[in-house]
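Please look over the sequence and the structure shown below before reading on. The report that follows takes up the ligand, the domains, the cores and then some single residues.

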Amino acid sequence: MARQKLGQHFLASSKILERIATAACGDGTDFVLEIGPGRGALTERLLQKTERLSAIELDAELALFLRQRWADEPKLRVVDGNALDADWSSFGEGVLAGNLPYYVASAIITSYVLAPGKLRHGVFLIQKEVAERIAAAPGGREYGYLSVVCQFFADVKMLFSVPPGAFQPPPKVDSAVIRVTPRRDVPPVDQAGFIKFVSVCFQHKRKTLRNNLSAWASLELVDSIPGMERRAEQLTPADFLELFGKFPAKPEPADEEPE
Ligand code: SAM
């Protein structure tokens with residue numbers, strides 16, 4: 001019985017499983033960290049393409065099932081745990097992959113791009129709408145906080161769409177596979193300050209930067225900076241960095257979530 005509150009939609013299409021495993025591992029890799037292995041549909045494909053695989057599963061029953069299923073497989077290590085608590089830097093060189101539980105997909109991807117360790121890319125099956133937000137270009141409706149943070153710290157590529165019928169049980173929404181490759185050339189920046197700044201810029205999406213940034217600095221300072229009549233959605237990730245550099249002080253964190 002699938003636990004829908006844990007986002008349990010199991011992949012049943014062998015063609016799609018193979019495409020995800022190939023997108024993650026190429027012809028082969030030393031190590032894969034899989035998130036949410038479930039009953040092991042993707043794990044099975046990944047095991048064919050890697051020397052070692054660790055898989056983090058929150059559902060203890062499924063973790064036990066996997067250990068029993070692969071009792072004789074020395075390559076596999078099943079970790080009982082929450083991927084939201086993962087310290088990506090504690091893993092060796094390799095890749096990250098997963099048919100992610102949709103309720104935590106953006107939190108998992110954000111934590112990965114901010115501190116990827118030696119995991120050189122992540123290939124994720126996620127809700128299509130979230131994939132589109134992550135990959136969105138400036139100016140569009142989908143472009144927002146998630147796009148800027150992911151694209152500032154990583155290269156993002158939409159790979160392919162996956163229909164609900166590829167899962168058992170089928171989710172209510174379309175899905176997509178995305179590859180996220182953390183950039184090694186990220187400009188030096190106060191990371192926590194920068195992502196807070198971006199979230200404040202998008203706090204009220206339809207308002208101008210001037211309006212949103214009045215919660216970040218004095219209006220006097222805000223008004224001394226050109227371009228404040230624009231809206232956050234018009235700025236590229238590099239524009240955000242430039243703008244952030246114009247504000248010397250970091251205020252207290254705001255409480256509200258961005259729209
Ligand atoms: N990989 C399997 C497949 O493709 O058939 C299952 C994918 S299912 C969409 C997501 C899996 O993630 C489930 O097995 C669920 O129990 C697990 N999960 C849910 N929340 C999790 C979390 N916070 N950390 C780790 N695993 C989680």
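This is a predicted model: local features need pLDDT of at least 70, side-chain atom pairs count only at pLDDT 80 or more; totals for chains, interfaces and linings use all residues.

| Residue | Atom of the residue | Distance to a nitrogen atom of the ligand |
|---|---|---|
| Gly 36 | backbone N or O atom | 2.8 Å |
| Asn 82 | polar side-chain atom | 2.8 Å |
| Tyr 103 | side-chain N or O atom | 2.9 Å |

Taken alone, the ligand exposes 590 Å², and the protein buries 99% of that area.

The protein chain is divided by its domain assignment into domain 1, which covers residues 4-182, and domain 2, which covers residues 191-244. Taken over C-alpha atoms, the centres of domain 1 and domain 2 are separated by 32 Å, and the contact between them takes 13 residues from domain 1 and 15 residues from domain 2.

In soluble globular proteins, nonpolar side chains tend to be buried together. Here the largest nonpolar core has 55 residues, and the members that touch the most others are Phe 124, Ile 126, Leu 213 and Phe 240. Because domain 1 (4-182) and domain 2 (191-244) both give residues to this core, it lies between them. Apart from it lies another core, of 29 residues, which includes Cys 25, Ala 55, Leu 125 and Phe 160. Returning to Phe 124, and leaving aside its neighbours within four places in sequence, this residue is in contact with Ile 35, Leu 96, Gly 98, Leu 100, Ile 109, Tyr 112, Ala 176, Val 177, Ile 178 and Val 180.

Gln 127 lies in strand 6, which spans residues 119-127. Is Gln 127 buried or exposed? Its relative accessibility is 18%, so Gln 127 counts as buried. Once neighbours within four places in sequence are left aside, Gln 127 is in contact with Tyr 102, Val 173, Asp 174, Ser 175 and Ala 176.

Lys 49 has its place in the loop between helix 2 (41-47) and strand 3 (50-57), and with a relative accessibility of 16% Lys 49 counts as buried. The side chains of Lys 49 and Glu 18 are joined by a polar contact of 2.9 Å. Not counting residues up to four places away in sequence, Lys 49 touches Glu 18, Ala 21, Thr 22, Cys 25, Gly 26, Gly 28 and Thr 29, and of these Cys 25 is also among the members of the core of 29 residues.

Lys 196 lies in helix 7, residues 191-201, and at 23% relative accessibility Lys 196 counts as partly exposed. Although Lys 196 and Tyr 145 are 51 residues apart along the chain, their C-alpha atoms are separated by 9.7 Å. Ser 218, in the loop between helix 8 (209-213) and helix 9 (219-223), also counts as partly exposed, with a relative accessibility of 41%. From Ser 218 to Ile 178 there are 40 residues in sequence and 39 Å in space, C-alpha to C-alpha.

One peptide bond deserves a separate note. Most peptide bonds are trans. Gln 168 and Pro 169, however, are joined by a cis peptide bond, with omega at about -10 degrees. Pro 169 lies in the loop between strand 8 (167-168) and strand 9 (175-182).

Definitions and conventions. Residues are numbered from 1 along each chain as its sequence is written. Side-chain values use heavy atoms; hydrogens and water are left out. A nonpolar core is a set of buried Ala, Val, Leu, Ile, Met, Phe, Trp, Tyr and Cys residues joined through side-chain atoms within 4.5 Å. Buried means under 20% relative accessible area, exposed over 50%, partly exposed in between (1.4 Å probe, protein chains only). Domain bounds come from an automatic or database domain assignment. Contact means heavy atoms within 4.5 Å. Helices (H or I, at least four residues) and strands (E, at least two) are DSSP runs, numbered from the N terminus. A polar contact is a pair of N or O atoms within 3.5 Å; within protein, one must be able to donate a hydrogen and the other to accept it, and residues adjacent in sequence count only if both atoms are side-chain atoms. Accessible areas come from the Shrake-Rupley method with a 1.4 Å probe; for residues, only the protein chains shown count as cover.
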